[in-house]
Amino acid sequence: MKPIQFQFQTDLPNIDTLLVPVNQEGQVSEALSSLPFFSALQKLTTELFENGDFSGKTAKAQLLITPSDIAVRRLILIGIGDTLTTKNYLSCLKSAATTLDHCGALSVLNALALVYPAERDQSWALMQNAQAFQRSFYDYSHESRGEHTPKEPTLSSMSFPCDADNASVQQGQATAFGMALTQDLANMPSNFCTPSYLAETAQQLADEYGFGIEVLERDEMTAMGMGSFMAVAQGTKTPPKMISLRYQGAGDSAPVALVGKGVTFDTGGISLKPGAAMDEMKYDMSGAATVLGVFKALGELKPAINVVGVIPATENMPSGNAIKPGDVVTSLSGQTIEILNTDAEGRLILCDALTYAQQKYQPEKVINMATLTGACIIALGHHVSGLMANNQELAEAILKSGQNTYDRFWQLPLGEEWDEQLKSNFADMANIGGRSAGTITAGQFLARYTKDVPWAHLDIAGTAWVSGDNKGATGRPVPALVDFLMTQI
């Protein structure tokens, strides 16, 4: 993805396009009063409003060519409405990015960064602007799209007319790069994005940014005792992988561990899923894609923190060798699991990955992310991700980063009552706990493998991708995780 050159200036000599926010009454905010041609802008927008040509309603856009008394080739007015909320502001950024994408702008002075919701500040606005405009360049252009012509944006530079805040802009832009990688991997057909491809992508990141990397193969994991992960993988001929990346930015301090579910295609196994929309089960590796996207951002930002990423990657397929309901397997932790439903496979690969991450890296805290339960979509829809944790301080920090980035979470409880639903007559636990509280019992299953470390579980089943005409990966929850890691420095 082509990078935008972000900079800070207020003069217009090298600017061909000016982005200006206009309110519901057709007025330009006084926050823009230091800009050249402020009076001319105010006069123009007032005339447009009085003539009924531009209302300033939220996210409405108006492109004007060579406006009178304003020495730019293009003037783009963006309506910000009467009350600027976080949601409305992000809608305005999306509208502005779309308008820029459909004109010939090369260099832009962006005054949208001077206005922002009352509960936010200038740093937040700069981060969101950098992320939104860099993200607008994203175009899934994998070879599988055939004759698709990749997007080639003309925009090359964007200036903000305010005091320099490079850290916020860098975080927003790096997050956009990470989201693009996450989207590319998740959007890719599963016959291309295999566990081996995820491992190759991790190796490319390691080569580019100097990360440490290790990839375990099936025989090694079997010998180590990863009976739960290998039980899922035994039904597929496609080689499973356990991928580990290490970012070392803070000496020998204990790292934060990110663990991402990497089921590159999920049929449900013997407990076969319905055929409708099964193609979307290529997105069941979105947790793994998130880990790789976060590492892309870390490579760009180089923060003073240590982070490890652990990705258990496999397909979940039905075959003569696949696990069956009623089978009992032994996890790397030594705990035994009765398989009551082979479509509850994510927790089976994650539990061994969580144990492995703790044994190998002794992390300070652990966060796993997974498209784990359809029940989470029923509970929360597609706007916020589910969060469960055994440590409230960790949960609060993640919730705060979710609010800051508008990549939001909603905390669900854990407790003994839900843990009792996992009882089995034939093993230490069952892999499902019945229909009620399915999202919580899935989290409660993972909690059995994270008793000795602060841990949080993010269920991103409803937010990692969208269906319908605009089907595609969202890149979430990369923004929240990058923000969280940046607060840990």
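## Q171

Q171 counts as buried because its relative accessibility is 10% (buried means under 20% relative accessible area, exposed over 50%, partly exposed in between, with a 1.4 Å probe and protein chains only). The residue sits in helix 4; helices are DSSP runs of H or I with at least four residues, strands are runs of E with at least two, and both are numbered from the N terminus.

Apart from neighbours within four places in sequence, Q171 is in contact with M127, L301, V482, D483 and M486, where contact means heavy atoms within 4.5 Å.

## Basis of the model

This is a predicted model, in which local features need pLDDT of at least 70 and side-chain atom pairs count only at pLDDT 80 or more, while totals for chains, interfaces and linings use all residues. Residues are numbered from 1 along each chain as its sequence is written, and side-chain values use heavy atoms, leaving out hydrogens and water.

## Helix 4 and helix 14

The axes of helix 4 (residues 166–187) and helix 14 (residues 478–487) come within 9 Å and cross at roughly 135°. Axes are lines fitted to C-alpha atoms, for helices over the stretch in contact, and angles run from 0 to 180 degrees between N-to-C directions. The two helices are therefore oblique to each other (under 35 degrees is roughly parallel, over 145 roughly antiparallel, 65 to 115 roughly perpendicular, and the rest oblique).

Helix 4 contributes Q171, T175, G178, M179 and T182 to the contact, and helix 14 contributes V478, P479, V482, D483 and M486.

## The whole chain

The chain has 14 helices and 20 strands. Of its 489 residues, 60% are buried. Its C-alpha trace spans about 80 × 45 × 45 Å along the principal axes.
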